[in-house]
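Please study the structure shown here alongside the explanation that follows it.

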Amino acid sequence: MYSIIKDIMSYKSYCKNNQVHSICLRVVGHRIRDGDKIGEIADRYSMHRNTVRNIMTLYERNASEELRKKIVS
């Protein structure tokens, strides 16, 4: 078993600093590239698990092939 390392900034602080795109890309990267569970990602950024699911749904619907390739690599 391993411990979840919390990020220094929470989801709300990223949003307040106009870094919404940055946090969304981080969430998608953790989910796709690292295979982290939704609950783990939510705990890491102090956000609700439904928010993580909503970010992933937006990614699946709207992401271009270029973006998908960049995130996987």
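The model is predicted, so local features need pLDDT of at least 70 and side-chain atom pairs count only at pLDDT 80 or more, while totals for chains, interfaces and linings use all residues. Residues are numbered from 1 along each chain as its sequence is written, and side-chain values use heavy atoms, with hydrogens and water left out.

Two packed helices are described by the angle between their axes and the distance between the axes. Helix α2 (residues 20-32) and helix α5 (residues 65-72) have axes that come within 9 Å and cross at roughly 65°. Helices here are DSSP runs of H or I with at least four residues, numbered from the N terminus; axes are lines fitted to C-alpha atoms over the stretch in contact, and angles run from 0 to 180 degrees between N-to-C directions. On the α2 side, Leu-25, Val-28, Gly-29 and Ile-32 meet Leu-67, Ile-71 and Val-72 of α5, contact meaning heavy atoms within 4.5 Å.

The whole structure holds one salt bridge, defined as a side-chain nitrogen of Lys or Arg within 4 Å of a carboxyl oxygen of Asp or Glu. Asp-36 forms a salt bridge with Arg-44, with the closest N and O atoms 3.1 Å apart. Both Asp-36 and Arg-44 are buried (under 20% relative accessible area; exposed is over 50%, partly exposed in between, with a 1.4 Å probe and protein chains only).

Most residues other than glycine have a negative phi. Asn-18, however, has a positive phi near 55°, and lies in the loop between α1 (11-16) and α2. Asn-18 counts as exposed because its relative accessibility is 70%.

Notes
Helix = DSSP H or I, 4+ residues; strand = E, 2+ residues; numbered from the N terminus.
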